[in-house]
Amino acid sequence: MFQDLTFNNMMRMIAGKRYYGEDQLEEAERFKEMMVEVMGYAGASSNADFLPVLNWLDGGRFERKLAGLSRRLDEFMQRLIDERRRGSGSNDNTTMIDHLLSLQKSQPEYYSDQIIKGIIQIMLLAGTDTSAVTLEWAMSNLLNHPEILRKARDEIDAQIGEEGRMVDEVLDLPKLHYLQNVITETLRLYPSAPLLVPHSSSRDFTLGGYHVPRNTMLLVNAWAIHRDPRVWADSTSFKPERFEGGGGDEHGCPKPIPFGMGRRACPGAGLAQRVVGLTLASLIQCFEWEKVVEEDEEEEEDIDMAEGTGLTMPKLIPLQLNCRPRPIIIHKLVLAA
Ligand code: HEM
């Protein structure tokens, strides 16, 4: 569900389209099938990368599959660009492709179709699953800590008051400090890119007594840094309160690095904070959430927080919850009827 939401959100920005919840569309089906393949391959490393002889043994099948997928993805993105170029679909020219096509007119040598397709691809790959898994970890943490969920809900209710309106991104989100701390604490314990993205040293240097030669592949283990008991008090406990006062050195609490640091830090951090913040706030505001109790369980158990493997760090066991609408949703439905 969270992945459908983040894909729809991203495709609305990119091309003004929704593909999830639009099952009747053949184009939507094709997109969804392709994204399942892309995400599957994105998380898998090929053994042949480490032992090239395996590529020969497999007759190059793996590489051919990837090449085929890459061609289909390329054709798909080209069609999106061509559609916007022809002006089909919504014609208010506000999608990302519209803006890039208008830049193509003034700087054709830089904003080629190839560059535009590269931007679309990185937004789909880097900007969807990362936010979706963060939402799943956040909800799991909240359900395992009902007192934190209650505190987040009280903050939202106090901010919105009796007005019976939905959380607003501009009016409310910046004032929901506790909710922001819930998100930061989720990203500390469950960073969706636990090893960030591989970097390469541009020159020799020494760090922490280790000599690192030029051109070495460097992986930063943010997951381990975020749980280091020398850095964080009660390091493995979920405590959003630790960030009260904003976090950062001057407040006595270190700052986690789920989006990396420096020149190559995540350029989508601001967007991610908004998407995750607004979605989480709306889910808490509109529904009462409960864990699913299996038939063979005597009493409610904690949600399993084991990590699975993948490009972005998923839950090993996908989250399942029950929900009941809160009065605001019932009010909205009555008004809409
Ligand atoms: C919770 C959500 C997200 C997390 C945790 C996250 C995390 C990261 C991390 C750790 C990196 C690598 C930084 C480094 O190695 O120093 C990265 C890179 C990147 N992210 Fe995100 N990201 C998120 C959402 C997004 C979104 C929404 C977008 C786009 C709309 C995005 C676009 C990118 C791009 C393009 C890069 C590559 C930047 C470069 O290589 O210069 N990310 N992200």
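Predicted model: local features only at pLDDT ≥ 70, side-chain atom pairs only at ≥ 80, totals over all residues.
**Asp234.** Asp234 sits in the loop between α11 and α12. Its phi is near 45°, a positive value in a residue other than glycine. I then checked its side chain: Asp234 forms a salt bridge with Lys239, with 2.7 Å between the closest N and O atoms. Lys239 is partly exposed, with a relative accessible area of 36%.

**Asn215.** I noted another positive phi, of about 65°, at Asn215, which is not a glycine either. Asn215 belongs to the loop between β3 (210-212) and β4 (217-218). I list Asn215 as exposed because its relative accessibility is 56%, and the cut-off for that word is over 50%.

**Salt bridges.** I counted 20 salt bridges in the structure. One of them pairs Arg326 with Asp157, the closest N and O atoms being 2.8 Å apart. Arg326 is in the loop between β6 and α13 (327-336) and Asp157 is in helix α9 (residues 146-160), so this pair ties together parts that lie 169 residues apart in sequence. Arg326 counts as buried at 13% relative accessibility, while Asp157 counts as partly exposed at 29%.

I also looked at Glu185, which forms a salt bridge with Arg242 at 3.0 Å between the closest N and O atoms. Glu185 lies in helix α10 (residues 177-189) and Arg242 in the loop between α11 and α12, so the pair ties together parts 57 residues apart in sequence. Both Glu185 and Arg242 are buried.

**Iron.** Which protein atom is a donor to the iron atom of the ligand? I found SG of Cys266, at 2.3 Å, as the only protein donor. Cys266 is in the loop between α11 (222-226) and α12 (269-286).

**Surface patches.** I found a nonpolar patch of about 650 Å² made by Phe50, Leu51, Val53, Trp56 and Leu57. Helix α4 (residues 53-57) gives the largest share of this patch, 3 residues. Trp56 lies in that helix, α4, and is exposed, with a relative accessible area of 68%.

I found a negative patch as well, formed by Glu294, Glu295, Asp296, Glu298, Glu299 and Glu301. I placed Glu295 in the loop between β5 (287-291) and β6 (321-325). Is Glu295 buried or exposed? Glu295 is exposed, with a relative accessible area of 84%.

Technical notes:
Residues numbered from 1 in each chain as written. Heavy atoms only, no water. Patch = residues over 30% accessible without salt bridge, like charges linked within 9 Å, V, L, I, M, F, W, Y side chains within 5 Å. Areas by Shrake-Rupley, 256 points an atom, 1.4 Å probe, with all protein chains shown as cover. Salt bridge = Lys/Arg side-chain N within 4 Å of Asp/Glu carboxyl O. Lys, Arg positive; Asp, Glu negative; His and termini not counted. Charge placed at Lys NZ, Arg CZ, Asp CG, Glu CD. Helix = DSSP H or I, 4+ residues; strand = E, 2+ residues; numbered from the N terminus. Buried < 20%, exposed > 50% of the residue type's maximum accessible area, 1.4 Å probe, protein only. Donors = N, O, S within 2.8 Å, 3.2 Å for Na, K, Ca; no water.
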